[in-house]
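Subject: Structure handover

Hello,

Here is the structure I said I would pass on.

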Amino acid sequence: MADCDTPLNVVCLKWGTKYGPQYVNRLYRMLARHLHRPFRFHCLTEFPQGLDPAVVVLPLDCQPGLSGWWYKLSLFAPEFHGLSGRLLYLDLDLVIVGKVDFLAEQPGDFVILRNWSRNPMWNSSVMRFTVGAHAHVWERFQADPDGVMASCNGDQEWIFECLPDAANWPAEKIVSYKKSLDSRAFRWLAKLGGERLGLRAPSWLDTPLSAAAAIVVFHGKPDPADVAWRAYGLWKRASFVARHWV
């Protein structure tokens, strides 16, 4: 277990304009409320405008043909912006709802989420590793980026291929809004394509939050902002987002 007085390096990625600076700033504030140990919060981005002054900006070296989640792989480079020691990566579309000290305390050299899909892959929304310790993830990708991107459906499949024996976060602490919670209204209607007909979950239906959850992952659509105050198609409103995503 690492020294509790040593600041933990936390990094998020903001590429392009899909997520505005408020996503970074809210993630920083949520972590500050729920992580009870020193940390330094970094944002890897080419658009630093509007970020909280407490957020350390790491310039994103944009490369032709590379976009989105593929930039996560650069975190595995042998040298990453002069950082050293353990690095905790967090996606922007997370909502932290409880104590997350386990992110720093859980044993394991490389810890990542087990994905909720049927395909064999990790979920890279929350992962922790030592800077430079798994450089082959980035170096093998850099050797043939077009080939990797053609054969893998995203960074998560590639990380799984390179690091298949990773440790996993507790499934009850990091949950999926779509897969773990009772978030879908009238599932039979959804299967019949009800959303294409413009149907929407009633406003009084709210997604209950499991008692053990500390982080809720919003992968794909909807995003936290889509369900914080209203339904999103047949996805129920999630009032816990409005309470915690501030």
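The notes below go from the whole chain to the sheet and then to one lysine.

Please bear in mind that this is a predicted model.

Overall shape

The chain contains eight helices and ten strands. Its radius of gyration is 18 Å, close to the 18 Å that the globule rule gives for 246 residues, so the chain is as compact as a globular protein of that length. Along the principal axes, the C-alpha trace spans about 50 × 40 × 35 Å. Of the 246 residues, 53% count as buried. Among contacts with a separation of 6 or more, 75% are between residues 24 or more positions apart.

Surface and charge

The accessible surface comes to about 11400 Å², and carbon and sulfur atoms make up 53% of that area. On the charge side, there are 27 positive and 24 negative side chains. The centres of these two sets lie 11 Å apart.

The sheet

Seven strands form an open sheet in the order β3-β2-β1-β4-β7-β6-β8, and the pairing is mixed. Its edge strands are β3 (56–59) and β8, each of which pairs on one side only. In general, strands of a sheet pair through backbone hydrogen bonds, in either a parallel or an antiparallel sense.

Strand β1 (residues 8–14) runs parallel to strand β2 (residues 39–45), with seven bridges between the two. In that pair, leucine 8 is opposite phenylalanine 39 of β2.

Isoleucine 112 can be followed into both pairings: it stands opposite methionine 127 in β7 and opposite asparagine 168 in β8.

Lysine 236

Is lysine 236 buried or exposed? Its relative accessibility is 8%, and buried means under 20%, so lysine 236 counts as buried. Lysine 236 lies in the loop between α7 (224–227) and α8 (239–244). Leaving aside residues up to four places away in sequence, lysine 236 touches Tyr177, Asp182, Ser183, Arg184, Ala185, Ala201, Leu205, Asp206, Thr207, Val227 and Ala231. Two aspartates, Asp182 and Asp206, are among these contacts, as is one arginine, Arg184.

Regards

Definitions and conventions
Residues numbered from 1 in each chain as written. Predicted model: local features only at pLDDT ≥ 70, side-chain atom pairs only at ≥ 80, totals over all residues. Heavy atoms only, no water. Helix = DSSP H or I, 4+ residues; strand = E, 2+ residues; numbered from the N terminus. Rg over C-alpha atoms; globule rule 2.2 N^0.38 Å. Buried < 20%, exposed > 50% of the residue type's maximum accessible area, 1.4 Å probe, protein only. Contact = heavy atoms within 4.5 Å. Areas by Shrake-Rupley, 256 points an atom, 1.4 Å probe, with all protein chains shown as cover. Lys, Arg positive; Asp, Glu negative; His and termini not counted. Charge placed at Lys NZ, Arg CZ, Asp CG, Glu CD. Pairing = 2+ DSSP bridges.
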